[in-house]
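Trainee: Could we walk through this model together, one region at a time? I would like to know how each term is defined as we go.

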Amino acid sequence: MSMRKRAAVVVGAGLNGLGIVRALGVYGVDVSVVDSNSKRPAMYSRFAEPKLVGSLTGESFIHDLQNILVEYEQPPVLFVTEEAPLMEISRNRESILDKCVMLLPPHERLVQLMSKSGIDSLCEEYQIPHPRTAHIQSPDDLSAITDFRFPVMLKPGVKSLEYARRFKKGYKLNTPEEVNTLVEEILPVLDNLVVQEWIEGGDRDIYFVLLFLSREKEIISSFTGRKLRSWPQPVGGTASCAPAYEREAELVKMAADFLRKSGFVGLGGVEYKQNPNDGTYYLIEPTVSRTDFQHEVAVINGNNMPYHVYCYHSGLPYHPKKTDIQQAWIEPVTDKWSREVTGISDRDLYNGYRKVGALFRWYDPVPWLVSYKNRVTGKIKSFERLIQQSN
């Protein structure tokens, strides 16, 4: 591996990680991508050297990551794309951050910003509009929602693998009875739930601000966008998104003020939903110290934030340049599912945008080819099982 430039290490080889690998690789950065699953898309990118580890959590992950980081002549820039390894790295920062370059807030603040209850308390402290929230750890806590305005959203208060296996990312519920029934089903699996009053509006009323704050909390890089579609409907993650330059000035200020007050430094973002009835922006949640899908919409529109972060840590200049035509980032599968549910046509939604798929790139085709092969293989196996069952 070349030692002429500082290298980068990306933890997590999913679709998010693939976007970061490509964003750095097109500028000639030596990139390694770390994951416990050899079949994830970024492991096949021509821009990265795959590093297979046994797990992305626990002591074994920290040990493996330490061994990877010391391979470099100078500490590489570390990018994390998922919450579980981020938490492990933060807990073990004394043994990790001396071997790489990464800006992190204090661990206690990071934990607070990653929890629904922590965000709720910060919004109350800073008097920031935020959906009215109740935290449910037992059936007795449901008394807190007796005077809530319905519909409401029910979602996990913390990330849980067991929850994710059995339940949706979130639920929009119309009556207290629906809440009681679902809470009773979920609590044996996860005793940390959140009920929030529903903010009116659709996918296009959801905005996000991506920021990188220096050690001195100065804005080094920023990008403002909006969701176009989400999945699952109506409470899911990003299926497609695009720039929202017309909201940039006000939303960047709001997001930067929130993160600065909270003592945050490094790479992060804040999601808002604007109530179309009164124009109020409600803070939904931050994403802290890691990347997400939305960073690639900044990249394809001329602001390569991952490379900008790399340049900051490497003492290199970087000057973003907006594209002439606004480009929409699309995850084709979930975007299709969302379209089928909402009935909003591509022609209406993407008018004025150039669509860019999340997986396929002509200059890095193998991740898409492998994904396509796996989908075809999966369909063949499903068909074979149906035949066996019918016999």
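The conversation below goes through a sheet, a helix, some cavities and a pocket.

Trainee: Before we begin, what kind of model is this, and which pLDDT do local features need?

Mentor: Residues are numbered from 1 along each chain as its sequence is written, and side-chain values use heavy atoms, with hydrogens and water left out. This is a predicted model in which totals for chains, interfaces and linings use all residues, side-chain atom pairs count only at pLDDT 80 or more, and local features need pLDDT of at least 70.

Trainee: Happy with that. In what order do the seven strands of the open sheet run?

Mentor: Helices (H or I, at least four residues) and strands (E, at least two) are DSSP runs, numbered from the N terminus. Two strands pair if DSSP finds at least two bridges between them. The pairing in this open sheet is mixed, and the order is S13-S12-S9-S10-S11-S14-S15. The strands that pair on one side only, its edges, are S13 and S15 (354-357).

Trainee: Why is strand S10 described as largely enclosed?

Mentor: Buried means under 20% relative accessible area, exposed over 50%, and partly exposed in between (1.4 Å probe, protein chains only). Strand S10 covers residues 219-231 and is largely enclosed by the rest of the structure because the buried ones among its 13 residues number 10.

Trainee: Which residue in the hairpin of S9 and S10 takes a positive phi?

Mentor: S9 (residues 206-213) runs antiparallel to S10, and seven bridges join them. Across this pair, Tyr207 stands opposite Arg226. Five residues lie between the strands of the hairpin, and the one with a positive phi, near 65°, is Lys217.

Trainee: Do S14 and S15 run parallel or antiparallel?

Mentor: In this pair, Ile330 stands opposite Gly357 in S15. Four bridges join S14 (residues 327-330) to S15, and the two run parallel.

Trainee: At about what angle to S10 does H12 run?

Mentor: Contact means heavy atoms within 4.5 Å. H12 lies across S10, S11 and S14, and its angle to S10 is about 50°.

Trainee: Let's move to the cavities. Which strand gives the most to the lining of the largest cavity?

Mentor: On a 1 Å grid over the protein atoms alone, a cavity is a set of points where a 1.4 Å probe fits but cannot get out, a pocket is an open set with protein on both sides within 12 Å along at least five of seven lines, and lining residues have an atom within 4 Å of a point. Grid points are joined across faces, edges and corners, and a volume is the space filled by probe spheres set on the points. The largest cavity has a volume of about 100 Å³, and its 13 lining residues include Leu78, Phe79, Met102, Leu267 and Val309 closest to the centre. With three residues, the strand that gives the most is S4.

Trainee: Which helix supplies the largest share of the lining of the second largest cavity?

Mentor: This cavity has a volume of about 60 Å³. His295 and Ile20 are among the residues that line it. The largest share, five residues, comes from H1.

Trainee: Why does His295 count as buried?

Mentor: His295 lies in helix H10 (residues 295-300). Beyond its neighbours within four places in sequence, His295 is in contact with Ile20, Leu210, Leu267, Arg290 and Met305. His295 counts as buried because its relative accessibility is 2%.

Trainee: Last one: which helix gives the largest share of the lining of the second largest pocket?

Mentor: That pocket has a volume of about 330 Å³. Its lining has 19 residues, with Leu15, Glu331, Leu359, Ser371 and Arg375 nearest the centre. The largest share, six residues, comes from H14.

Definitions and conventions: Axes fitted to C-alpha atoms, helices over the stretch in contact; angles between N-to-C directions.
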